[in-house]
Amino acid sequence: MTLITDTASLEALTERLSKAAYITVDTEFMRDSSYYSKLCLVQVADSEGAFAIDTLSEDLDLGSFYDLMFNPDVLKVFHACRQDMEIFFHATGKLPAPIFDTQVAAMVCGFGESAGYETLVKQIAGKSLDKTARFTDWARRPLSDRQLDYALGDVTHLRVVYDRLSSQLVSSKREAWVLEEMETLTSPATYRLEPQDAWKRIKFRSGTPRFVARLQALAQWREEQAQSRDIPRNRVAKDDILLEVSAHPPSSPEALDHVRGLSKGFHASATGKDLWKALQNAQALPDSALPVLPKKSRVPQKTPPIADLLKVLLKSRCDELGVAPKLVANSADIEELARQDDPKIKALTGWRYDVYGRDALALKNGELALTADGSLIEIVEIEKD
């Protein structure tokens, strides 16, 4: 076990790792009191050793580590890497590549939906992990041996998991399936946090276009405040405050102080002034510029009966091929497929089309039928005159 705390040691390590065909990577971070995740520790391993990089060390420059992450000749292996990738993206504006996510690979290889790391380690490496340090304070120094042992376990066993899954992908000729999924995980659009879209995460029943315009403006104000100050968005203002101000806009800046959840004198603060400005901008929008939301049907649409058959087909095909159904199509995809002639869903593209989409369309068009033989579902091709 090696703990890296200075730049010279890190540069020596990254020089060594840059010659590896692949490395395993994991991170430990904290996000309790910040908008962006605070990177506290990075764990890396090659075929011969595992190392922990103390990212909070004052004597450490992470430049050589990030160079390694962007090195096109070294494959970076993660498990459930979305949060790790988000951290690197917001720290550097770039994303590690190439990458391999063992959670995605496990879904392709028949280990179920969203297989956890602990489960894979037990099933593939035959090891049991001690997860008691999972919720430890990674920002506190010094780190204990117990913390480091726990952290390094997330990259040492990952080598065995990767070797098994990559071999299985080769033998089943499914490498391209995983590569297609990696395109989403290495796209900057996956990790961008656009303030103008922040209102979409707030739940509200209904409202006039003017109400929605105010809510959009206030949600954007809050997101920009949270990002610029690096604090959780709820520390700026909770959802119910934004909804209250949007539904019942105060008549003056001073009236903001009477909104439940806002402090006395809030209106005079820089934050309060920015909120008032955002609110006034929304109020000043002409009717033609107000958002138009799709009308909700008063009568809920009934799910077409074909959807049930499409679900049975999905499970049957995925069971046959050993692929997690969730990776091929979700419930929303099947609903769209049942209702529309040409839905824009992933299940009708790429490898998913070969696994499921082609048969799903044939079933809809009456070219396939499903029959039961005891507990087994058989797919029968229908001959038409």
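Colleague: What should I know about the model and its numbering before we start?
Modeller: It's a predicted model, where local features need pLDDT of at least 70 and side-chain atom pairs count only at pLDDT 80 or more, while totals for chains, interfaces and linings use all residues. Side-chain values use heavy atoms, leaving out hydrogens and water, and residues are numbered along each chain as its sequence is written, from 1.

Colleague: How many helices and strands are there in the protein?
Modeller: Helices (H or I, at least four residues) and strands (E, at least two) are DSSP runs, numbered from the N terminus. Counted that way, the protein has 15 helices and eight strands.

Colleague: What percentage of the residues is buried?
Modeller: Buried means under 20% relative accessible area, exposed over 50%, and partly exposed in between (1.4 Å probe, protein chains only). The protein has 385 residues, and the buried share is 45%.

Colleague: Within what arc do the buried residues of H1 fall?
Modeller: In helix H1 (residues 7-17), the buried ones are Leu10, Leu13, Thr14 and Leu17. They line one face of the helix, because, seen down the axis of H1, they fall within an arc (taken from the directions from the helix axis to the C-beta atoms) of 95 degrees.

Colleague: Which residues are exposed on the other side of H1?
Modeller: The buried residues of H1 pack against other elements, including strand E1 (2-4) and helix H2 (63-69); contact here means heavy atoms within 4.5 Å. On the other side of H1, the exposed ones are Ala8 and Ala12.

Colleague: Which residues touch the most other members of the largest nonpolar core?
Modeller: A nonpolar core is a set of buried Ala, Val, Leu, Ile, Met, Phe, Trp, Tyr and Cys residues joined through side-chain atoms within 4.5 Å. The largest one holds 78 residues, and its largest share, six residues, comes from helix H15 (residues 350-364). The ones touching the most other members are Val44, Ile53, Phe65 and Tyr356.

Colleague: How many residues are in the second, separate core?
Modeller: That core includes Ala198, Trp221, Val259 and Phe266. Its total is 25 residues.

Colleague: Which residue's backbone nitrogen does the side chain of threonine 55 reach?
Modeller: A polar contact is a pair of N or O atoms within 3.5 Å; within protein, one must be able to donate a hydrogen and the other to accept it, and residues adjacent in sequence count only if both atoms are side-chain atoms. Here the distance is 3.4 Å, and the residue reached is leucine 41.

Colleague: What is the bridge partner of alanine 369 in E8?
Modeller: Strands E7 (residues 368-373) and E8 (residues 376-381) run antiparallel, joined by six bridges; two strands pair if DSSP finds at least two bridges between them. They form a hairpin with two residues between them. For alanine 369, the partner in E8 is valine 380.

Colleague: Is valine 292 buried or exposed?
Modeller: Valine 292 sits in the loop between helix H11 (270-283) and helix H12 (306-321). Its relative accessibility is 78%, so valine 292 counts as exposed.
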